[in-house]
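Please open the model in your viewer and keep the sequence panel beside it. The tour below moves from one selection to the next and says what is found at each stop.

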Amino acid sequence: MSGTAAHILLVDDDARLRALMSRYLIENGFRVTTADSAAAARETLRIVDPDMLVLDVMMPEESGLALTESLRADRAPTLPILLLTARGAPEDRIAGFEAGADDYLGKPFDPRELLLRIRAMLRRTTTPALNTGPVQLGRASFDPDRGELITERGPIRLTGGEASLLGVLASRANEILSREVLAQILNMDEAGERAIDVQVTRLRRKIESDPREPRYLQTVRGRGYILKPGP
């Protein structure tokens with residue numbers, strides 16, 4: 001995180017809501033840059049390096065989901081992203097996590113909840129994992145302190161949410177952790193348990209030689225997940 005105050009890039013096409021959120025976050029100690037569209041956000045990201053992106057889903061031309069997917073595939077694989085939307089059904093939230101978002105907040109929301117979620121996300125992405133030292137996962141190696149996954153092909157990009165989840169699993173390697181426990185540790189909301197499943201699927205594609213038959217990140221039926229480091 002740069003400087004003493006976290007820098008938030010706030011993207012929403014609703015000018016009134018954008019102004020209210022910006023003022024509230026500034027009053028609570030954040031630096032805030034705003035954009036009114038995905039295109040404007042892209043231009044802003046060329047010249048600033050924010051600590052976090054707060055992004056509305058329902059925007060004209062390019063949606064927040066599309067922008068999230070694009071950023072994850074391109075230049076911002078680890079930038080924490082919080083999606084905001086009036087569509088709060090579980091399937092909408094899962095779509096957000098599948099796009100690469102780290103958290104999801106439905107509109108309308110209490111500004112205090114927005115503040116708490118932002119602070120929780122920043123803690124997760126700036127606090128080193130509990131385990132120290134690299135964890136061997138076959139030909140890959142995960143460094144919990146840096147949140148980096150290194151393979152023989154070079155570094156593999158992890159989103160902030162993926163790195164946080166893998167860090168927790170690595171810190172308690174060879175221990176079965178339920179979805180509920182993982183969601184609590186990672187400060188996720190009621191959709192968190194399903195989001196864990198989405199992130200596990202994404203991690204397996206990056207770790208396992210055959211994601212359909214995982215060797216290192218395994219499911220224990222009816223109990224949760226377990227990370228089994230090894231050669």
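In which helix is Ser22 found? Select this residue in the model, which is a predicted one, and you will find Ser22 in helix H1. Ser22 counts as buried because its relative accessibility is 12%, and the cut-off for that word is under 20%. If you leave aside its neighbours within four places in sequence, the residues in contact with Ser22 are Leu10, Val32 and Thr34.

Now extend the selection to the whole of H1, residues 15-27, whose 13 residues reach 18 Å from the first C-alpha to the last, close to the 18 Å expected at 1.5 Å a residue. Colour Arg18, Met21, Ser22 and Leu25, which are the buried residues to look for in H1. Looking down the axis of H1, you will see that its buried residues fall within an arc of 100°, so they line one face of the helix. The face of H1 turned away from that buried side carries Arg16 and Glu27, which are exposed. At the N-terminal end, Asp14 caps H1, with a side-chain oxygen 3.1 Å from the backbone nitrogen of Arg16. Beyond the helix comes Gly29, which follows H1 and has a positive phi, near 95°.

On one pairing, E1 runs parallel to E2 and is joined to it by five bridges, and here Leu10 stands opposite Thr34. On another, four bridges join E1 to strand E3, residues 52-56, again in parallel, and the bridge partner of Leu10 in E3 is Val54.

Show the whole sheet next: five strands in the order E2-E1-E3-E4-E5 form an open sheet with parallel pairing. E2 and strand E5 (103-106) stand at the edges with a single partner strand each, so one side of each is left without a neighbour in the sheet. From one strand to the next, the twist of this sheet averages 20°.

H2 lies across E1 and E2, and runs at about 155° to E1. Helix H4, residues 90-99, also packs on the sheet, where it touches strand E4 (81-85) and E5, and its direction makes about 145° with that of E5.

For the last stop, select residues 135-137, strand E6, together with residues 154-156, strand E9. These are the edge strands, each pairing on one side only, of an open sheet of four strands whose order is E6-E7-E8-E9 and whose pairing is antiparallel. The twist here averages 30° from one strand to the next. To look at one pairing in detail, display E6 with strand E7, residues 140-143: the two run antiparallel and are joined by three bridges, and Leu137 stands opposite Ala140 in E7.

Key: Residues numbered from 1 in each chain as written. Predicted model: local features only at pLDDT ≥ 70, side-chain atom pairs only at ≥ 80, totals over all residues. Heavy atoms only, no water. Pairing = 2+ DSSP bridges. Axes fitted to C-alpha atoms, helices over the stretch in contact; angles between N-to-C directions. Expected span 1.5 Å × (residues − 1). Buried < 20%, exposed > 50% of the residue type's maximum accessible area, 1.4 Å probe, protein only. Arc of directions from axis to C-beta. Polar contact = N/O pair within 3.5 Å; in protein donor to acceptor, adjacent residues only side chain to side chain. Contact = heavy atoms within 4.5 Å.
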